[in-house]
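Hello,

Here is the structure I promised to pass on. Please have it open while you read; my notes follow below it.

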Amino acid sequence: MDPLKFKILSVKLLAAILLFGCKDKTTNKITESSIDKLPEDTISTIRVKPLPLISDIYTADPSAHVFEGKLYIYPSHDFESGVPEDDLGSHFDMKDYHVFSMDSIGGNVTDHGVALDIKDVPWAGRQMWAPDAAEKNGIYYFYFPVKDKSDIFKIGVATSENPYGPFNAKEQPIEGSYSMDPAVFEDTDGVYYMYFGGIWGGQLQRWASGTYKEEDTYPLTDQPALTPKIAKLADNMLSFVETPKDVQILDKNGNPILAGDNERRFFEAAWVHKYNGKYYFSYSTGDTHNIAYGIGDNPYGPFTYEGVILKPVLGWTNHHSIVEYNGKWWLFYHDSFLSGGKTHLRNVKVTELLYNKDGTIKTINAMTD
Ligand code: FUB
């Protein structure tokens with residue numbers, strides 16, 4: 001046999017033996033220890049098949065946090081309202097939120113019931129989309145996007161003394177907020193930032209001029225893509241202390257990712273985490289269905305595009321969060337496994353997230369075929 005072919009075959013065989021021996025039999029996923037035994041470049045895409053964490057209701061857009069030593073999940077609560085599907089996401093017609101908690105990954109998931117209902121948000125019109133939560137000085141803050149009575153997405157805040165609510169919504173949305181998918185990041189110096197925004201149904205393109213315009217305005221394909229936004233939160237966590245700023249995502253040459261670069265440009269689902277002193281900005285590429293990421297040196301960016309964290313899942317949307325728990329990193333995400341692929345009826349899942357030695361993230365393929 002050709003020596004090169006023999007070498008490739010041997011490496012593949014070694015990888016297969018190690019992977020088979022190290023697979024976690026209950027969750028059918030590759031454990032971190034198994035990855036460590038493989039040569040660094042043997043695995044660039046990890047294949048996983050986790051099961052839904054919650055199966056009695058549909059859940060999506062999971063924002064996970066560790067509060068009081070437990071893992072809390074703040075997802076959207078999908079349900080069938082009968083609104084027909086369109087490009088603006090009218091079929092995502094959610095009306096409340098539940099909060100879930102887990103003592104351990106793989107352990108029981110507790111549903112804490114309705115944490116916030118649309119009827120208890122005075123300014124809300126319709127469509128409660130992807131939320132997030134934060135804690136400061138023993139008070140829990142729940143951030144949620146919902147269209148107001150004029151059908152314009154704004155971001156609201158509600159508070160509770162418990163991580164699972166119920167939450168009391170403020171009378172008005174956060175002043176200066178717009179679009180959707182809020183993600184709140186607490187930096188190691190105790191400063192909190194909100195990232196937000198999403199195009200198409202998320203309406204970010206209607207704010208391109210700084211004020212809301214009913215018509216959709218997108219940059220040309222050879223112009224910089226629309227950017228997600230960031231604003232520092234006030235001490236009371238209820239307002240911004242600055243006008244939202246652009247979050248730049250750059251290619252390796254330092255140029256902004258272009259609007260026509262659908263494989264890499266920001267669409268929705270911003271999330272930020274910090275690893276080894278670097279800031280990781282991750283997001284969905286929407287119509288190309290990846291969770292992609294860039295790395296930067298401070299919360300404002302710019303972030304240099306690095307690659308894909310999670311390849312497309314079953315269903316149209318892809319939305320995630322990343323959290324460290326008990327010394328490991330976890331990727332929470334959703335797919336449409338339980339509903340047999342229905343775009344708006346999704347279920348939350350979790351899998352381990354692994355880094356390469358250079359700080360880049362190993363790509364995950366979670367297709368359920
Ligand atoms: O769940 C409604 C919307 O779908 C979210 O806000 C988006 O991120 C997408 O997952």
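Pro 302 sits in the loop between strand S20 (291–296) and strand S21 (303–310). Strands here are DSSP runs of E, at least two residues long, numbered from the N terminus. The bond from Gly 301 to Pro 302 is cis, with omega near 5°. The peptide bond from Gly 165 to Pro 166 is also cis, with omega near 0°. Pro 166 is in the loop between strand S11 (153–160) and strand S12 (168–169).

This is a predicted model: local features need pLDDT of at least 70, side-chain atom pairs need 80 or more, and totals for chains, interfaces and linings use all residues. Residues are numbered from 1 along each chain as its sequence is written, and side-chain values use heavy atoms, without hydrogens or water.

Mean pLDDT (the predictor's confidence in each residue, from 0 to 100) is 91 for the protein chain, and 88% of its residues reach 70 or more. Over residues 1–36 the pLDDT is below 50.

Now the sheet. It is open, has 4 strands in the order S13-S14-S15-S16, and pairs antiparallel. Two strands pair if DSSP finds at least two bridges between them. The edge strands are S13 (183–186) and S16 (245–246). S13 and S14 (residues 192–196) are joined by 4 bridges. Ala 183 stands opposite Tyr 195 in S14.

Two non-glycine residues have positive phi. Asp 61 has about 50° and lies in strand S4 (residues 58–67). Asn 276 is near 50°. Asn 276 is exposed (over 50%), at 67%.

Best wishes

Key:
Contact means heavy atoms within 4.5 Å. Buried means under 20% relative accessible area, exposed over 50%, partly exposed in between (1.4 Å probe, protein chains only).
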